[in-house]
Amino acid sequence: MKKQQTATDILLEEGGIDALYLRLSRDDEHEGESNSIANQRAYLKEYAKKNGHRNIHIFVDDGVSGATFQRSGFQEMMALIEAGKIKTVIVKDMSRFGRNYIEVGQLTEVVFPQYNVRLIAVNDGVDSAAGDDDFTPFRNIMNEWYLKDLSRKLRSAHRVKSSQGYALGQPPFGYMRDPENPKRWVLDPEAADVVRMIYAMRLQGASTIDIARVLKHRRVLTPSAYAFRKGYTKRACSPNGEYFWAHPAIRTILSNRVYLGDVVNFRTFTRSYKLKRRLENAEENWEVHEGVHDAVIDQESFDAVRKTFGDTKFRKPKHIERNLFSGLLECSDCGAKLNYKFTHDNPANHYFSCKNKRANNGLCATMHHIRVDKLTEVLTKYSALCRKV
């Protein structure tokens, strides 16, 4: 039976792909409608038609910053470039391609020539077929500077907003934005009742794992699923399901002083506008405003719950380098990754344990546990045996 051809196969038979690359992020929305995905699509298709680029394939990244190249549409396009299937890449301007001038330069000056790919940035007048453009590196630096400047302005705006007592970010489970003043939070009665139930169960002696199990049994929506159902966010819930409560989420709710009616800003931070990973901020760097919105939990109950948490016995090492075996070990029963842990009472006892079993999500029935020193000992003996053979 003849294999059915894909659209990409047909384009290859016709001489290779002319890739139209479109990108938009929330940062770029400040520049107006001209950079919308719809506008870029129409603009580039018209350009391709007028300039004889017939074998077009469109790659899109909507809502992704130009500071990173870990974008699904871009990665798909790069895979085809490395496979020799794309002959031309067309973008509206170089800022759509990316805003990290080092990586953009590496791609345009090394990678694309290596794969004989022509790059066209329509509005910037860039066409690699016409030879090197000495101004392009400076344009790339300006594109990155724009992102850096925008990040600085947003940080400053956040500081001003926080100093006025407004909460930054999305309201936590139990609150929603005030319809009359979106800068303020008001109680979400349905979710607030769930928060009160969680505190009540904890005060009755339930563990976080027990609370998660009860909520799952009662089919209570998780915070992410609830927010999605209510239209507070467009992000879908966890792939584990709408009712899969993880015990760390329970602990977060039980330790969040926002439920006292306080605004707590700057609990996390990023080291650079290029890095999206958020880090825990020291408590002395938090900015706290007390009694800003209605409380879900009274101070006495909150303090009583906080006393139920001592130092946790099991913690991931914070000041120890990533273990050699991290990411390589899997549970023989459920296939989940084995997480790297250590015993707080004895930091020298490093081990791996099944992720699913520790989460108590019902996906694994057996607690798999292996100490790092024993694992190292076994592999050392095996290695020595192999050398003898």
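**Reading rings and charges in a predicted model**

Me: Where does the charged end of R71 sit?

Reply: The charged end of R71 is placed over the ring of F69, 4.6 Å from the centre of that ring. A charge counts as sitting over a ring if NZ of Lys or CZ of Arg is within 6 Å of the ring centre and within 35 degrees of the ring normal. R71 also lies over the face of F74, with 5.1 Å to the ring centre.

Me: What kind of model is this?

Reply: It is a predicted model, in which local features need pLDDT of at least 70 and side-chain atom pairs count only at pLDDT 80 or more, while totals for chains, interfaces and linings use all residues. Residues are numbered from 1 along each chain as its sequence is written, and side-chain values use heavy atoms, with hydrogens and water left out.

Me: How many aromatic pairs are there?

Reply: Rings of Phe, Tyr and Trp (its six-membered ring) pair if their centres lie within 6.5 Å; planes under 30 degrees apart count as stacked, over 60 as edge-to-face and the rest as tilted. By this rule there are 11 aromatic pairs. One of them is the edge-to-face pair of Y21 and F74, with 5.6 Å centre to centre and 75° between the planes. This pair links distant parts of the chain, 53 residues apart: Y21 is in strand β1 (residues 17-24) and F74 is in helix α3 (residues 72-82). Helices (H or I, at least four residues) and strands (E, at least two) are DSSP runs, numbered from the N terminus.

Me: Which residues form one aromatic cluster with Y21 and F74?

Reply: The cluster is formed by Y21, F69, F74, F97 and F112.

Me: Is Y21 buried or exposed?

Reply: Y21 has a relative accessible area of 0%, so it is buried. Buried means under 20% relative accessible area, exposed over 50%, and partly exposed in between (1.4 Å probe, protein chains only). F74 is buried as well, at 2%. Across the protein, buried residues make up 39% of the 389 residues.

Me: How should I read a salt bridge, such as that of E46 with K50?

Reply: Side chains of opposite charge can pair when their charged atoms come close. The rule asks for a side-chain nitrogen of Lys or Arg within 4 Å of a carboxyl oxygen of Asp or Glu. In the salt bridge of E46 with K50, the closest N and O atoms are 3.7 Å apart. Both residues lie in helix α2 (residues 37-50), four residues apart, about one turn of the helix. E46 is partly exposed at 39%, and K50 is exposed at 65%.

Me: How far apart in the chain are D303 and R306?

Reply: They are three residues apart in helix α11 (residues 299-307), about one turn of the helix. D303 is partly exposed at 25%, whereas R306 is exposed at 52%.

Me: Which residue forms a salt bridge with R229?

Reply: The partner of R229 is E242, with the closest N and O atoms 2.9 Å apart. The two are 13 residues apart and link distant parts of the chain: R229 is in helix α9 (residues 223-230), and E242 is in the loop between α9 and α10 (247-254). R229 is exposed at 52%, while E242 is partly exposed at 22%.

Me: How many salt bridges does a search of the whole structure find?

Reply: The search finds 12. K92, D93 and R96 are linked in a network of salt bridges.
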